[in-house]
Amino acid sequence: MESKRLVGKVAVVTGASKGIGAGIAKQLAAEGAAVVVNYASSKEGAGQVVNEIAAHGGKAIAVQGDVAKTEDIERLFAEANKVFGRLDILVNNAGVYRFAPLEEVTEDEFHRQFNTNVLGIILATREAVKYFGNDGGSVVNIGSSVTSLTPPTSVVYAATKGAVSTITRVLAKELGPKKIRVNSINPGGVETEGFHTLGFAGSDFEKQMIAQTPLGRLGQPQDIAPVAAFLASSDSGWITGEIVHVAGGLG
Ligand SMILES: NC(=O)c1ccc[n+]([C@@H]2O[C@H](COP(=O)([O-])OP(=O)(O)OC[C@H]3O[C@@H](n4cnc5c(N)ncnc54)[C@H](OP(=O)(O)O)[C@@H]3O)[C@@H](O)[C@H]2O)c1
């Protein structure tokens, strides 16, 4: 039987129109939370996630917004508050990635990845803090096992995820007095739309990752989602500032 650890809670999940974020949104809803499914451009994907949640008796709305833009973030949380009236959980999942050798790194690509993966987390957390109540809240950031693997050609992406780990530890200290916990999940390779779009499926990189994974396969969004629900719930009430590797032993 599915546990119902999040009844009465409200969660914002960024980048939840597909992939890991969609898996987390569905899990939080299955455990009783009302969920705000954020997306950048995939309106249809976000709508499908909302419909799936509703079909299982859960509550969700889709809200467009680029996490790297202050006005979008303000609108996202205002909308969440208007519809659901409180906030308990923020999952900073929205992220972009592309691997390239050093000589092909461009300023534009650096800013694209840092804007979403780093600035986006800071802006969303800053706004969420305004809405968490007296009982505090839980922020779950999505990092990556690239920070421990440090594979060649990941210089920009790995740098963004190194920043995610650092932000997690700093904000756990800064927000602890407000009863706000901040933790990260570092997934290993996870088979998602983004993973396929960027051509990782079937690549040598994928084969290498699986070979280095003690549990011997790629991850799926369903491998990550229950851990996000645990970190969002009071079951992890004494855990903050931690980076949890959810990677089948990779890293
Ligand atoms: N897949 C992996 O192997 C893996 C491993 C470790 C960590 N991660 C991390 O896990 C997270 C999700 O990855 P994924 O593989 O599930 O990615 P994905 O399939 O490409 O999905 C990315 C999601 O993020 C959203 N998004 C992108 N930029 C955004 C922005 N500026 N504002 C709001 N939403 C935005 C996308 O929305 P639209 O569709 O509307 O653009 C989409 O919902 C990322 O942080 C990634 O770095 C992934």
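Guide: In this predicted model, the cover over the buried residues of helix 3 includes strand 1 (10–13), strand 2 (34–39), strand 3 (59–64) and helix 4 (107–131). The residues of helix 3 that lie buried are I73, L76, F77, A80 and F84. Viewed down the axis of helix 3, these buried residues fall within an arc of 85°, and therefore they line one face of the helix. The face turned away from that buried side carries the exposed residues E71 and K82.

Helix 3 comprises 15 residues, 70–84, and at 1.5 Å a residue it should span 21 Å; its end C-alpha atoms are 21 Å apart, so expectation and model agree. Just after helix 3 comes G85, which takes a positive phi of about 75°.

Of the 33 residues around the ligand, G15, G19, S42, G95 and G194 come nearest. Strand 2 and helix 4 each give two or more residues to this shell, as do helix 1 (19–30) and helix 7 (193–197). By class, the shell holds 13 nonpolar, 17 polar and three charged residues.

Just after helix 1, G32 takes a positive phi of about 110°.

Technical notes: Residues are numbered from 1 along each chain as its sequence is written. This is a predicted model: local features need pLDDT of at least 70, side-chain atom pairs count only at pLDDT 80 or more; totals for chains, interfaces and linings use all residues. Helices (H or I, at least four residues) and strands (E, at least two) are DSSP runs, numbered from the N terminus. The expected span of a helix is 1.5 Å times one less than its number of residues. A residue is buried if 20 or more other C-beta atoms lie within 10 Å of its own, exposed if 12 or fewer, and partly exposed in between; C-beta atoms are placed from the backbone. The arc is that of the directions from the helix axis to the C-beta atoms. Two residues are in contact if their C-beta atoms, placed from the backbone, lie within 7 Å. A residue is near a molecule or strand if its C-beta atom, placed from the backbone, lies within 6 Å of it. Ala, Val, Leu, Ile, Met, Phe, Trp, Tyr, Cys and Pro count as nonpolar, Asp, Glu, Lys and Arg as charged, and the others, Gly among them, as polar.
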